[in-house]
Amino acid sequence: MTFKTNLALASGLALALAACGDSNDAEPIEANPEADMAANQQAEYDPMTRDYTLSEDAQTRRDEFDGDAFQNEYSGFRDEITSEQVRMGADMEAEADMTDDDRAEMEAASQPRDAATNMRTRANMTWGYLDRNDDDQLSVAEYAIWAIPLDPNATAPNDQGQPELTADQANKAADSFFYYDIDGDTYLSRREFTSARRGEDLDPQAGA
Ligand SMILES: [Ca+2]
Ligand SMILES: [Ca+2]
């Protein structure tokens with residue numbers, strides 16, 4: 001197909017759209033659940049709000065999980081994030097060829113942050129933001145950045161104290177992680193994290 005043909009098609013499409021707009025001004029644009037979720041923080045699923053029944057295999061992995069190492073890694077990520085916020089925005093704008101991930105990242109980075117912690121709101125935590133080591137999967141500590149609620153009373157980044165993390169929050173984050181780690185490789189893939197983000201109910205059918 002030639003450039004000229006493309007142009008003609010594009011013009012035709014623009015005219016068709018314009019005509020459509022004239023006759024149909026009141027018609028709302030069809031809802032996009034993903035965009036709505038990103039736009040509305042209230043809609044973001046909170047994994048702390050329910051209990052998780054783990055399969056036998058998932059419970060085994062949960063039992064073998066090193067909670068202390070997880071908490072150290074998670075605290076490190078929180079410190080890292082708060083110290084790199086400014087730099088990140090500047091880096092992104094310099095990119096010429098942006099992928100969809102880059103665009104989502106730039107969009108999310110420009111949104112207002114949580115006032116007390118200077119972290120992003122949970123709905124604005126993109127995959128790239130959470131995947132700290134860029135291996136395209138989430139460890140428990142990476143997942144916990146999203147899963148654990150931002151504590152409005154958290155210590156400021158410059159204080160010496162560790163960020164507040166209760167045992168209940170750590171346990172619930174781990175429970176939900178192993179619940180959504182469907183293939184049992186102790187990482188969340190993008191697909192598995194999407195299930196978590198939607199709060200999907202994966203409980204086995206009764207009697208199955
Ligand atoms: Ca990762
Ligand atoms: Ca997995």
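Start by selecting D135: this residue is partly exposed, with a relative accessible area of 31%. On this scale buried means under 20% relative accessible area, exposed means over 50%, and partly exposed lies in between (1.4 Å probe, protein chains only).

This is a predicted model, where local features need pLDDT of at least 70, side-chain atom pairs count only at pLDDT 80 or more, and totals for chains, interfaces and linings use all residues. Residues are numbered from 1 along each chain as its sequence is written, chains are lettered from A and ligands numbered from 1 in the order in which they are written, and side-chain values use heavy atoms, with hydrogens and water left out.

**Stop 1: the calcium ion**

Now select ligand 1, the calcium ion, and show its protein donors: D131 (OD), N133 (OD1), D135 (OD), Q137 (O), and E142 (OE) and E142 (OE). They lie 2.2 to 2.7 Å from the ion. Donors are N, O and S atoms within 2.8 Å of the metal (3.2 Å for Na, K and Ca); water is not among the atoms, so sites may look incomplete. Along the chain, the donors follow the spacing D-x1-N-x1-D-x1-Q-x4-E.

What is the geometry of the calcium site? The site is irregular, with angles of 51 to 154° among its 6 donor atoms. Six donors count as octahedral if opposite donors are over 155 degrees apart and all others between 65 and 115; four count as square planar by those limits, or as tetrahedral if all angles lie between 85 and 135 degrees; anything else is irregular.

**Stop 2: S139**

Select S139, in the loop between α6 (127–130) and α7 (140–147). Helices (H or I, at least four residues) and strands (E, at least two) are DSSP runs, numbered from the N terminus. S139 counts as buried because its relative accessibility is 11%. Show its neighbours: E73, F77, F177 and Y187 touch S139, leaving aside residues up to four places away in sequence. Contact means heavy atoms within 4.5 Å.

**Stop 3: Q169**

Move to Q169 in helix α8. Is Q169 buried or exposed? Q169 is buried, at 19% relative accessible area.
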